[in-house]
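Subject: Handover of a structure

Dear colleague,

Please find the structure below, followed by an account of what was found in it. I would be grateful if you would read the two side by side.

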Amino acid sequence: MDESSDESGGFHVDQRVHIAGDPRRIGVVRYVGVVKGHEGTWVGVDWDGDDDGKHDGSVAGVRYFDARTPRSGSLVRPRSLCGGVSVCEAVERRYRGNYTKEEEDEMYVLSTRNNRVSIEFVGKNKVQEKLSRFEDLIGASLAYLGISSAGPLLQINATIPTSKPEGAGFDW
C-alpha cells in the first residue's frame with residue numbers, strides 16, 4: 001500500500017520498532033496501511049515476545065500480515081511507536097548524555113522491604129567525563145535504549161574502540 005510518510009509516521013516494512021516510552025517491547029513492522037472498519041493508517045507489528053501482541057496478524061477475518069505466533073502481532077497507530085536509534089546513538093546517549101533534574105529525581109533502588117530509596121550521584125562529573133572517553137571504555141551496556149539498527153556503515157568503527165582488554169565486553 002502506498003501511504004504517505006506523514007500518515008505512516010515514516011515506518012516501513014522490516015523496520016525494527018518499539019512502543020513509545022517502553023523500549024523493552026520491541027518488534028518488526030510487517031504491515032503499514034489501512035485496517036478495514038477503522039480510519040487512518042495503522043502499523044502491523046510482530047513483537048519479539050511471543051505473547052506481546054493480540055493476534056496472529058489477522059483481525060476480523062482479514063489477514064494483514066503473518067505473525068510468528070498466534071499472539072505476537074498487533075496493529076497500532078504510528079504515534080504509539082518509536083523507530084529507535086542506531087548503536088552509536090545509543091552509546092552517545094548512555095555515555096555522553098546528561099540527565100535532566102527530573103530523570104535524576106526518578107533514580108532509585110529498592111530496599112529489602114521493596115521501598116524506593118533515592119540515590120545521589122557522588123562524583124558524577126568525574127564519572128561522566130571518564131565514560132565519555134570511548135577509547136577508554138572496556139565495556140558497555142546498551143540494554144533498553146531502543147536500538148533498531150547498526151547505523152551507517154563504518155560509524156561504529158569510528159565511534160567505538162576496536163581493541164579491548166581480555167574479558168571486556170559490550171552488551172547490546
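**Findings**

Asp 46 stands opposite Gly 73 in β6. Helices (DSSP runs of H or I, at least four residues) and strands (runs of E, at least two) are numbered from the N terminus. The model is a predicted one, in which local features need pLDDT of at least 70 and side-chain atom pairs count only at pLDDT 80 or more, while totals for chains, interfaces and linings use all residues. Residues are numbered from 1 along each chain as its sequence is written, and side-chain values use heavy atoms, with hydrogens and water left out.

**The chain as a whole**

The protein chain contains 5 helices and 13 strands. Of its 172 residues, 30% are buried; buried means under 20% relative accessible area, exposed means over 50%, and partly exposed lies in between (1.4 Å probe, protein chains only). The chain exposes about 11,400 Å², and carbon and sulfur atoms supply 49% of that area. Accessible areas come from the Shrake-Rupley method with a 1.4 Å probe; for residues, only the protein chains shown count as cover. Among contacts (heavy atoms within 4.5 Å) with a separation of 6 or more, 54% are between residues 24 or more positions apart.

**The open sheet**

In which order do the 5 strands of the open sheet lie? The order is β6-β3-β2-β1-β7, and the pairing is antiparallel. The edge strands, each pairing on one side only, are β6 (73–76) and β7 (81–82). Two strands pair if DSSP finds at least two bridges between them. Strand β3 (residues 38–47) is joined to β6 by 4 bridges in the antiparallel sense.

Ser 74 belongs to strand β6 and counts as buried because its relative accessible area is 3%. Its side chain makes a polar contact of 2.9 Å with that of Trp 47. A polar contact is a pair of N or O atoms within 3.5 Å; within protein, one must be able to donate a hydrogen and the other to accept it, and residues adjacent in sequence count only if both atoms are side-chain atoms. Beyond its neighbours within four places in sequence, Ser 74 is in contact with residues including Arg 25, Val 43, Asp 52 and Phe 65.

Is Arg 63 buried, partly exposed or exposed? Arg 63 is partly exposed, because its relative accessibility is 43%. This residue lies in strand β5 (residues 62–63). The side chain of Arg 63 reaches the backbone oxygen of Phe 65 at 2.9 Å and forms a polar contact of 3.3 Å with the side chain of Asp 66.

**Two positive phi values**

Most residues other than glycine have a negative phi. Ala 60, however, has a positive phi near 55°; Ala 60 sits in the loop between β4 (58–59) and β5 and is exposed, at 81% relative accessibility. Asn 114 also has a positive phi, of about 65°. Asn 114 is in the loop between β9 (108–110) and β10 (116–118) and is exposed, with a relative accessible area of 56%.

Yours sincerely
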